[in-house]
Amino acid sequence: LGDIVGGLLGAGAGAFFGGKMAEQLTKNLLINFSSPSSALRDCYEMMDIASDVVDERAIKKAYRRKSLEFHPDKPSGSESRMTGLNICYDVVSVAAKRRQG
């Protein structure tokens with residue numbers, strides 16, 4: 001996971017997301033980080049947006065909508081799902097910025 005997220009987010013991110021945190025995220029968040037394309041696909045699915053979205057406002061709106069749902073203070077929320085959403089927001093935002101050029 002560390003190498004994949006590092007490749008998507010840039011240098012230094014792989015070390016931050018490495019080790020036990022990577023194992024915990026894959027178990028708790030049910031996100032398959034076996035390849036960059038599946039990780040990105042899973043992030044789009046988690047945020048409930050189309051994979052061709054490049055508009056930053058649409059991405060932020062989807063993030064805010066899901067953060068209300070996943071927030072730990074909500075009955076259906078949890079800290080691990082919120083952490084996964086934050087990571088996915090970063091991954092999707094970077095991917096959208098790269099597609100814009």
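# A tour of a predicted helical chain

A search of the whole structure finds one aromatic pair. In such a pair, rings of Phe, Tyr and Trp (its six-membered ring) have centres within 6.5 Å; planes under 30 degrees apart count as stacked, over 60 as edge-to-face and the rest as tilted. Select Tyr63 and Tyr89: they form this pair, which is tilted, with 4.6 Å from centre to centre and 35° between the planes. Tyr63 belongs to helix α5 and Tyr89 to helix α6, 26 residues apart, so the pair links distant parts of the chain. Helices here are DSSP runs (H or I, at least four residues), strands are runs of E (at least two), and both are numbered from the N terminus.

Before going on, note that this is a predicted model: local features need pLDDT of at least 70, side-chain atom pairs count only at pLDDT 80 or more, and totals for chains, interfaces and linings use all residues. Residues are numbered from 1 along each chain as its sequence is written, and side-chain values use heavy atoms, with hydrogens and water left out.

**Stop 1: the whole chain**

Show the chain as a cartoon. There are six helices and zero strands. Of the 101 residues, 42% count as buried. Buried means under 20% relative accessible area, exposed means over 50%, and partly exposed is in between (1.4 Å probe, protein chains only). The chain exposes about 6000 Å², and carbon and sulfur atoms supply 51% of that area. Such areas come from the Shrake-Rupley method with a 1.4 Å probe; for residues, only the protein chains shown count as cover.

Next, colour by pLDDT, the predictor's confidence in each residue, from 0 to 100. The mean for the chain is 74, and 63% of its residues reach 70 or more. Confidence is lowest in helix α2 (residues 13-16), at a mean of 43, and highest in α5, at 94. Select residues 1-19: pLDDT stays under 50 there, and the model has 32 contacts beyond four places in sequence for this stretch. A contact means heavy atoms within 4.5 Å. Residues 28-33 also stay under 50, with 18 contacts beyond four places in sequence.

**Stop 2**

Are Tyr63 and Tyr89 buried or exposed? Tyr63 counts as buried because its relative accessibility is 19%. Tyr89 is buried too, at 16%.

**Stop 3: the nonpolar core**

A nonpolar core is a set of buried Ala, Val, Leu, Ile, Met, Phe, Trp, Tyr and Cys residues joined through side-chain atoms within 4.5 Å. Select Met47, Ile49, Ile59 and Val92. In the largest core, which has 20 residues, these four touch the most other members. Helices α4 (36-47), α5 (56-70) and α6 (79-100) each supply at least two residues of this core. Which helix gives the most to it? That is α6, with nine residues.

Leaving aside neighbours within four places in sequence, Met47 is in contact with Ile59, Ala62, Tyr63, Arg65, Lys66, Leu85, Cys88, Tyr89 and Val92.

**Stop 4: helix α6**

Select residues 79-100, which make up α6. This helix has 22 residues and reaches 32 Å from its first C-alpha to its last, close to the 32 Å expected at 1.5 Å a residue. The expected span is 1.5 Å times one less than the number of residues. Its buried residues include Met82, Leu85, Cys88, Tyr89 and Val92.

**Stop 5**

Lys66 is in helix α5. With a relative accessible area of 13%, Lys66 is buried. Not counting residues up to four places away in sequence, Lys66 touches Met46, Met47, Asp48 and Leu85.

From C-alpha to C-alpha, Lys61 and Ile49 are 9.9 Å apart in space and 12 residues apart in sequence.

**Stop 6: the loop between α4 and α5**

Select Asp48, found in the loop between α4 and α5. Its phi is near 60°, a positive value in a residue other than glycine. Most residues other than glycine have a negative phi. Asp48 is exposed, at 51% relative accessible area.

Finish at Asp55, which lies in the loop between α4 and α5. At 41% relative accessibility, Asp55 counts as partly exposed. Its C-alpha is separated by 7.5 Å from that of Ala96, 41 residues apart along the chain.
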